[in-house]
Amino acid sequence: AMDGGYDVTNDGDRVAFANKDDKGISHLWIASTDHRTSPVQLTSMENEDSPSFLPNGDLIYRASAGGKNYVYTRKQDGSGRKKLLEESILELAAVSPDGRWVMVFQEEDKDKDHPYRVRAYPNGGGTPVVVCRSLCDVAWSVDGKYLYLSLQFGPMDTFRTHLFPVRS
């Protein structure tokens with residue numbers, strides 16, 4: 001059973017997914033969708049999950065290190081593992097289809113009234129943009145032309161989803 005997310009390449013040839021081993025550690029796997037080769041597990045000592053493919057074919061994912069979560073990238077063969085953001089995260093929420101923006105959930109210790117943030121970080125460095133001063137759901141349309149934003153309002157976990165056109 002898969003339990004840590006998955007993504008499929010744009011050409012549909014490969015799938016990346018996260019699966020726990022018998023010790024409960026989540027590892028990333030790469031599999032071909034035509035079943036001609038066996039799935040390959042990428043080596044990791046701590047949890048790795050929430051994989052997405054970047055346009056160049058590299059993986060972007062959430063990994064544990066020293067009790068905190070971070071955003072990492074690596075090649076599909078497992079090489080070139082590197083931390084993408086120095087800031088710790090709670091969740092890797094979404095990656096823009098062009099790979100230029102990484103959306104993450106983070107804790108905000110300084111703001112007791114709104115202890116969570118969703119931030120968009122430019123992939124490759126730069127100033128992050130606060131998207132929500134709460135936990136909200138964010139996603140891009142497959143073509144990258146729209147950003148979906150689901151915000152909780154009122155009692156009973158009611159959500160309202162907004163659709164924003166994205167400029168190039």
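## Exercises: pockets, strands and a disulfide

The lining of the largest pocket contains 15 nonpolar residues, nine polar and three charged (nonpolar: Ala, Val, Leu, Ile, Met, Phe, Trp, Tyr, Cys and Pro; charged: Asp, Glu, Lys and Arg; polar: the others, Gly among them). This is a predicted model, where local features need pLDDT of at least 70, side-chain atom pairs count only at pLDDT 80 or more, and totals for chains, interfaces and linings use all residues. Residues are numbered from 1 along each chain as its sequence is written, and side-chain values use heavy atoms, leaving out hydrogens and water.

**Exercise 1. Find how many helices and strands the protein chain has, and which strands have the lowest and the highest mean pLDDT.**

Step 1. Turn to pLDDT, the predictor's confidence in each residue, from 0 to 100. The average for the protein chain is 90, and 96% of the residues score at least 70.

Step 2. Compare the elements: β14 (residues 146–153) has the lowest mean, 87, whereas β7 (residues 68–74) has the highest, 97.

Step 3. Finish with the extent: along its principal axes, the C-alpha trace spans about 50 × 35 × 35 Å.

**Exercise 2. Work out which residues and strands line the largest pocket.**

Step 1. Start from the space: the largest pocket holds about 710 Å³. A pocket is an open set of points on a 1 Å grid over the protein atoms alone, where a 1.4 Å probe fits, with protein on both sides within 12 Å along at least five of seven lines; lining residues have an atom within 4 Å of a point. Its volume is the space filled by probe spheres set on the points, joined across faces, edges and corners.

Step 2. Look towards the centre: 27 residues line the largest pocket, and D7, V8, S52, F53 and V95 are the closest to its centre.

Step 3. Trace the strands: at least two lining residues come from each of β1 (6–8), β5 (48–53), β9 (91–95) and β13 (137–140).

**Exercise 3. Do likewise for the second largest pocket: give its volume, and the residues nearest its centre.**

Step 1. The volume is about 480 Å³.

Step 2. Among the 19 lining residues, W101, W140, L147, V166 and R167 lie nearest the centre.

Step 3. Two or more lining residues come from each of β10 (101–107), β12 (129–132), β14 and β15 (158–165).

Step 4. Sorted by class, the lining of the second largest pocket has twelve nonpolar, three polar and four charged residues.

**Exercise 4. Locate the disulfide, and decide whether C132 is buried or exposed.**

Step 1. The structure has one disulfide (a pair of cysteine sulfur atoms within 2.5 Å), and C132 and C136 are its partners, with S to S at 2.0 Å.

Step 2. The torsion about their S-S bond is about 90°, so this disulfide is right-handed.

Step 3. C132 is buried at 5% relative accessible area (buried is under 20%, exposed over 50%, partly exposed in between, with a 1.4 Å probe and protein chains only). C136 is also buried, at 1%.

Definitions and conventions. Helix = DSSP H or I, 4+ residues; strand = E, 2+ residues; numbered from the N terminus.
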